[in-house]
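Have a look at the model before reading on.

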Amino acid sequence: MEWTRRFTDRLRRRAPRQQTGAVAGLREARLLGQDLRHGLHGSGGAAAARRLRRLLDADAVVLADLDGPAAEAGALPPGSDVRAVLDEVFNRGRVLRQPPLVAAPLLVAGDLAGALVVAGDVTGEVAAEDVEELAALVAEALDNAELREARARIAAADLRTLRAQISPHFLHNALAVIAAHIRSDPARARRLLTDFADYLRYSFSTKGDYATVAAELQAIQTYLELQRARFDDRLEVTVRMAPEILPVAIPFLVVQPIVENAVRHGLERKSGRGHIAVSGFGEGALCVIEIEDDGVGMEPELAREILAGGGPEARGVGLANVDRRLRTVYGPEYGLVIETALGSGTRVVVRVPRYKQGVVAE
C-alpha cells in the first residue's frame, strides 16, 4: 500500500536501527486496528491517537466523530479552533489545510463518519497526503469494528430467535409423557420431570453466547432421555465424545437443534425402532461433532434448501439458524455439512476450531 511506503520511509529516517520499513508499517497498521476495534469512543481511542501522533511526528492529533472530538493526543497550538476545522472539513468532505492544522475526513463505507485533525509540521503537500492516507486507514479500522459489532448483533439475535423457537411440539409431548408415567412409574416420572427442568434451564440460560461441548452434551442427553420415554424406548441412543474436546467452547445451542431435527424429521416418521448417534472428536486443530440418524432421510436438494432457510413446514429453521451462527462466528468455511438421501438417514457434521479468539464459555 502507498501509505505504508510513505510513512515507513519516515520511520526509517527517524529510527533506522529500531524499525525495518514495511514490516514496521504493517505492524503499526495492525496495532491501530486493534486500538480501534471498539470504535473511536472505545478504550483504545486514546491509544490510537497517540499512535497516529508518533507515526506522523506531529504535535497533536485529534480523532473526531460527527459530534466532535472523541480522542486526543498532544497539545494543540494556542488558539486552535478544532470545532471550526471540523465543520469545514465535514462541509467540504475532503482534506483541509489550515496551518498549523490539517484535517482529513473519515469515510466509513463511503459515509462521512468523522475526521482526523493533525497539528504540527504536516501541512505541506507531502505530509498532508500522509494525513489523508492515515485517515483512510482509520476509516478502514472503524469499518472493520462496525462489521464485528454487526456480526455479534446478528449472532445474538439468532440465538434469541432459536430460544423463542424451542418446539411447542416437544414441550407438549414431554409434559404428556411425564403425566403418563406418574401412575405407572412414579420414580421415572420424577426423573423425567427433573430432566425437563434441567433442559429448560439450560435452553433459556442467559450466561453467555458460548458453552462448552460438555455442557451441550449434557443438554443433549437430557433431551434424548425425554424422547426415549416418549418413544416407549424404541429410540436407541449412542453418545461418544472424546475427552479432549469436552472443554472446547462452541456457540450456545448449536448441537441440540440438530439433534431435535434428527428426532422430529428423521425418526418420528419412521416405523419401528430408530437410532441416533452423537459423536465428537479432535481432528488436528478442529473440533468435530457428528449427529447421525437412521431415519427417513431427505433429498440432497432439500437439504441445501433447508440450509438456505427454506424447505417445507419450516423444518429447516433450526438448522439454518445454526449454520448462519457458525459462519458468523468462525467464517464462511465453517457452516454445517449435511449428508443425506431419501430413505437412508441423515448425517450432520459440525467442524469448528478448538480455539478461537473471543469464543469463551462463561
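1. The largest nonpolar core has 44 residues, and those with the most contacts inside it are Val-259, Ile-276, Ile-289 and Ile-291. By core I mean buried Ala, Val, Leu, Ile, Met, Phe, Trp, Tyr and Cys residues joined through side-chain atoms within 4.5 Å, with buried being under 20% relative accessible area (1.4 Å probe, protein chains only). Helix 9 gives the largest share of this core, 6 residues.

2. A second, separate core of 30 residues includes Ala-29, Ala-48, Leu-63 and Val-131.

3. Keep in mind that this is a predicted model: local features need pLDDT of at least 70, side-chain atom pairs count only at pLDDT 80 or more, and totals for chains, interfaces and linings use all residues. Numbering starts from 1 along each chain as its sequence is written, and side-chain values use heavy atoms, with hydrogens and water left out.

4. Back to Ile-291: its contacts (heavy atoms within 4.5 Å) include Val-255, Ile-258, Val-259 and Ala-262, plus Ile-276 and Val-348, not counting residues up to four places away in sequence.

5. Now the sheet: 5 strands, open, in the order 7-9-10-12-11 with mixed pairing. Strands here are DSSP E runs of at least two residues, helices are H or I runs of at least four, both numbered from the N terminus; two strands pair if DSSP finds at least two bridges between them. Strand 7 (235–241) and strand 11 (337–340) are at the edges with a single partner strand each, so one side of each has no neighbour in the sheet.

6. Strand 7 and strand 9 (residues 274–283) run parallel over 7 bridges, and Glu-236 sits opposite His-275 in strand 9.

Note on methods
Buried < 20%, exposed > 50% of the residue type's maximum accessible area, 1.4 Å probe, protein only.
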